[in-house]
Amino acid sequence: MPAKPLQFYLDAIEQADLPGVEALRVAWLGRNGTLTDALRQLASLEPEHRRQVGQELNRLKQAVEQHLAQRQQQLAADALRLRLASEAVDLSLPGEPVAVGHPHPLALIQDRLVSIFVAMGFAVAVGPEVEDDWHNFEALNFPHDHPARDMQDSFSLAAGGWLLRTHTSPVQIRAMQLSAPRPLRIIAPGRVYRRDDDATHATSFHQIEALVIDQAVSMAHLKATVATFARTLFGQDVPLRFRPSYFPFTEPSAELDVGCLFCQQAGCALCKMSGWLEVLGSGMVHPKVLTAGGYDPEQVSGFAFGVGIERLAMLYYQIPDVRLLLEGDLRFLSQF
Ligand SMILES: [Zn+2]
């Protein structure tokens, strides 16, 4: 079908409404549109005609495209102006609520622990996560054949004998070096790294560590402090027991158990039918550790203890699987 003069198209565009503009565009320029068709039929013309007719057709097509776009813009702007003029906007209406995040349960429990210890007069100390062998092991009286020093258990960095700290205890040494010979009372929360690869251990987890050094600090001070901490966290009535244990950096050493929070000591899978759950490791600071930190073990004594924050969070919130704390599933996390 031969193309019509430009004015024919302009008249039609001038009278079209918004849907009409789109209908005209399809009718003329769509895949089977009349102008598309006319361009397609150029191939059948004599070569001497083809060039001239082709140029005219292309000019016409461009002009039509341009006017269609202009008309569409103008109609859309008119419609918006009309809508704004007729609609009253009530600025006093409540807005759409915005979803706000909140602390992760591990951060919540760490904040809770820190506030308990700060209330007892402890200061918060921090240290680097990349440590040297001396701060992480040697100064803490880890014998050279201790399994924690094995390549299997720690992440060693290629350069210069550095490693990712396997516990928060090197912060004890750093804090002692800064404070000696003055008394010291600190907690050190933070992330630690081990090359564990079984189902119940992650390669990265969190600990909180406490250290007290002063004249005549005794096991009685240690027991009173950890008992106050456990009762503040788990309730005044929670059963507690101390059990002798071994750690390289304390002597004597003891672990604190609390009565199973899941079964009220009746025996369940989580307490392995014992009625007790291990909560923390503790002890009197080994004289060699005091010396490494710059203190004289003849003049002062101290106690230290450490807990796993993931484990405490599981006990405190009664979460049965540690992986829930690591996976970032919002259906779980939004419950806290
Ligand atoms: Zn139990």
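The briefing below goes from the overall layout to the sheet, the metal site and the backbone.

This is a predicted model, in which local features need pLDDT of at least 70 and side-chain atom pairs count only at pLDDT 80 or more, while totals for chains, interfaces and linings use all residues. Residues are numbered from 1 along each chain as its sequence is written, and side-chain values use heavy atoms, with hydrogens and water left out.

**Domains**
- The protein chain is divided into domain 1 (6-86) and domain 2 (105-333), with bounds that come from an automatic or database domain assignment.
- The centres of domain 1 and domain 2, taken over C-alpha atoms, are separated by 77 Å.

**Sheet and packed helix**
- An open sheet of mixed pairing is formed by seven strands in the order β1-β4-β5-β9-β8-β7-β6, where strands are DSSP runs (E, at least two residues) and helices likewise (H or I, at least four), numbered from the N terminus, and two strands pair if DSSP finds at least two bridges between them.
- β1 (123-124) and β6 (240-247) stand at the edges with a single partner strand each, so one side of each is left without a neighbour in the sheet.
- Helix α8 (residues 219-234) packs on the sheet and touches β6, β7 (250-259), β8 (276-285) and β9, contact meaning heavy atoms within 4.5 Å.
- The direction of α8 makes about 30 degrees with that of β9, using axes fitted to C-alpha atoms, for helices over the stretch in contact, with angles from 0 to 180 degrees between N-to-C directions.
- Strands β5 (residues 204-214) and β9 (residues 301-308) run antiparallel and are joined by eight bridges.

**Zinc site**
- The zinc ion is coordinated at 2.2 to 2.3 Å by the SG atoms of Cys260, Cys263, Cys268 and Cys271, donors being N, O and S atoms within 2.8 Å of the metal (3.2 Å for Na, K and Ca).
- The site of the zinc ion is tetrahedral, with angles of 102 to 114 degrees among its four donor atoms; four donors count as tetrahedral if all angles lie between 85 and 135 degrees.
- Cys271 counts as buried because its relative accessibility is 3%, where buried means under 20% relative accessible area, exposed over 50% and partly exposed in between (1.4 Å probe, protein chains only).

**Backbone**
- A cis peptide bond with omega of about 5 degrees joins Ala180 and Pro181, and the bond from Glu251 to Pro252 is also cis, with omega near 0 degrees.
- Met273, although not a glycine, has a positive phi of about 65 degrees, and Met273 is exposed at a relative accessible area of 59%.

Technical notes
Four donors count as tetrahedral if all angles lie between 85 and 135 degrees; four count as square planar and six as octahedral if opposite donors are over 155 degrees apart and all others between 65 and 115; anything else is irregular.
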